[in-house]
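Me: I would like to learn how to read a ligand site and a helix pair. Can we go through one case?

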Amino acid sequence: MKETRTQVVIVGAGPAGLLLGQLLQSAGVDNVVLERRSREYVEQRVRAGVIEYGVANLIDDAGAGERMRREGLVHHGVEFRFEHHAHRVALSELADGRAITVYGQQEVVKDLIALRLGAGAPLHFDAEVTVVDGLTSDAPFVDVEGADGTTRISCEYVAGCDGSFGVASRSIPTTLHRKYERTYPFSWLGILAEVPPSNEELVYCRHENGFALSSMRSPTLSRLYLGVEPNDTLDEWSDDRIWDELNVRLATEATPAINQGRVVERSITSMRSVVVAPMRHGRLFLAGDAAHIVPPTGAKGMNLALADVRVLAGALLAQLQRKDDTLLAAYSATCLERVWRAEEFSNYMTQMLHPNGDDDFENGVQLARLRQAVNSREASTVLARNYVDLNSL
Ligand SMILES: Cc1cc2nc3c(=O)[nH]c(=O)nc-3n(C[C@H](O)[C@H](O)[C@H](O)COP(=O)(O)OP(=O)(O)OC[C@H]3O[C@@H](n4cnc5c(N)ncnc54)[C@H](O)[C@@H]3O)c2cc1C
């Protein structure tokens with residue numbers, strides 16, 4: 001087996017792993033990013049698209065924001081549709097002028113990869129970490145399987161940025177951490193379509209048939225979602241059926257039909273909330289989806305991941321450069337406070353917007369929450385602040 005050494009091993013080249021690599025690299029800390037998939041795969045993976053105000057600034061500060069600022073769409077409001085009427089929440093007005101940026105996660109990933117490879121920093125694709133060990137000793141290591149066999153990389157710290165079901169969290173003894181979990185009784189069917197968005201701003205819709213979301217990735221690419229049954233498969237949803245259902249759910253008197261175009265990507269995602277605590281085991285630190293999952297209704301997944309990394313980078317730098325352990329010791333507690341706030345907000349948005357079958361009491365409560373969210377300035381303000389910049393609150 002080949003052997004090598006670095007200061008920090010980062011498992012996973014999603015947004016969390018790549019941004020952590022960039023923050024450490026630019027501060028002069030050696031690190032290696034290991035990704036089990038190919039570069040093409042991670043650059044094409046369509047996922048999140050809403051970037052919070054403070055997280056956009058973080059990407060900028062890391063030197064990866066140039067294209068995001070040029071091509072990203074800045075939104076100052078968001079629309080809620082229910083009972084066949086549209087209600088705008090003026091996000092920026094309610095959140096001290098702050099706004100969200102709509103820019104695809106895969107574009108953030110592309111920008112960070114280009115930056116890293118441009119700087120000549122080590123980033124290995126098709127490199128699967130199979131073992132994470134020695135975490136409670138002074139000599140942690142990972143074993144990685146690549147095209148030229150197995151390599152053992154020794155390090156001072158391991159960052160588990162390998163998403164849900166990753167090897168990092170599995171390497172923590174089950175008796176030493178707890179997993180808090182909720183699975184919702186619906187999934188999201190998402191499509192990416194080559195058609196200009198029907199609305200300038202995102203539209204969250206609660207209809208008797210189910211949830212719908214009309215969003216976008218660019219002026220010519222729409223991203224649309226339908227709430228579907230948890231066991232539904234893509235085979236059951238032809239393009240025609242998807243467009244028909246989107247039209248039914250999103251229709252208002254003012255906008256009876258949405259723009260339709262060629263569907264270039266479709267997927268079904270189950271809706272889960274997960275928190276792993278603590279987010280640390282010895283010299284292993286979990287960040288992003290490796291430590292928590294939120295249902296996408298609050299648009300928090302990628303934002304939470306990047307906010308973890310901001311905390312982790314600062315803590316690792318304090319320890320590696322100044323031998324100051326304080327921030328690393330506080331890492332899990334610092335992140336979990338914010339993570340639970342995001343779980344609460346994501347749960348609130350999810351529960352409010354997905355009708356609950358024949359449970360008319362629950363449906364009445366949901367509509368009351370929605371009416372309050374759009375009609376009460378206090379309620380709209382809380383929603384706007386959480387939506388626009390929860391991770392900086
Ligand atoms: C289908 C889907 C749709 C989503 N849609 C939205 C959305 O609309 N809005 C929203 O806010 N959030 C959404 N999310 C959530 C959001 O995309 C995630 O929160 C975000 O990707 C978290 O980033 P991350 O870097 O922590 O993890 P990831 O992006 O999952 O990156 C982890 C990386 O680790 C790699 N990896 C895993 N195991 C290993 C290993 N053993 N060795 C090496 N590499 C490994 C993986 O291949 C992956 O590239 C969605 C998630 C999914 C799965």
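This is a predicted model: local features need pLDDT of at least 70, side-chain atom pairs count only at pLDDT 80 or more; totals for chains, interfaces and linings use all residues.

Reply: Residues are numbered from 1 along each chain as its sequence is written, and side-chain values use heavy atoms, with hydrogens and water left out.

Me: How many residues surround the ligand?

Reply: A residue is near a molecule if one of its heavy atoms lies within 4 Å of it. Here 32 residues surround the ligand; the closest are E35, R45, R47, Q105 and D289. By class, the shell has 16 nonpolar (Ala, Val, Leu, Ile, Met, Phe, Trp, Tyr, Cys and Pro), nine charged (Asp, Glu, Lys and Arg) and seven polar residues (the others, Gly among them).

Me: Which polar side-chain atom lies 2.7 Å from an oxygen atom of the ligand?

Reply: A polar contact is a pair of N or O atoms within 3.5 Å. That atom belongs to D289. For R47, a polar side-chain atom lies 2.9 Å from a ligand oxygen atom. R36 uses a backbone N or O atom, 3.1 Å from a ligand nitrogen atom.

Me: At what angle do the axes of α1 and α6 cross?

Reply: Helices are DSSP runs (H or I, at least four residues), numbered from the N terminus. Axes are lines fitted to C-alpha atoms over the stretch in contact, and angles run from 0 to 180 degrees between N-to-C directions. The axes of α1 and α6 (residues 105-118) cross at roughly 35° and come within 10 Å.

Notes: A polar contact is a pair of N or O atoms within 3.5 Å; within protein, one must be able to donate a hydrogen and the other to accept it, and residues adjacent in sequence count only if both atoms are side-chain atoms. Helices (H or I, at least four residues) and strands (E, at least two) are DSSP runs, numbered from the N terminus.
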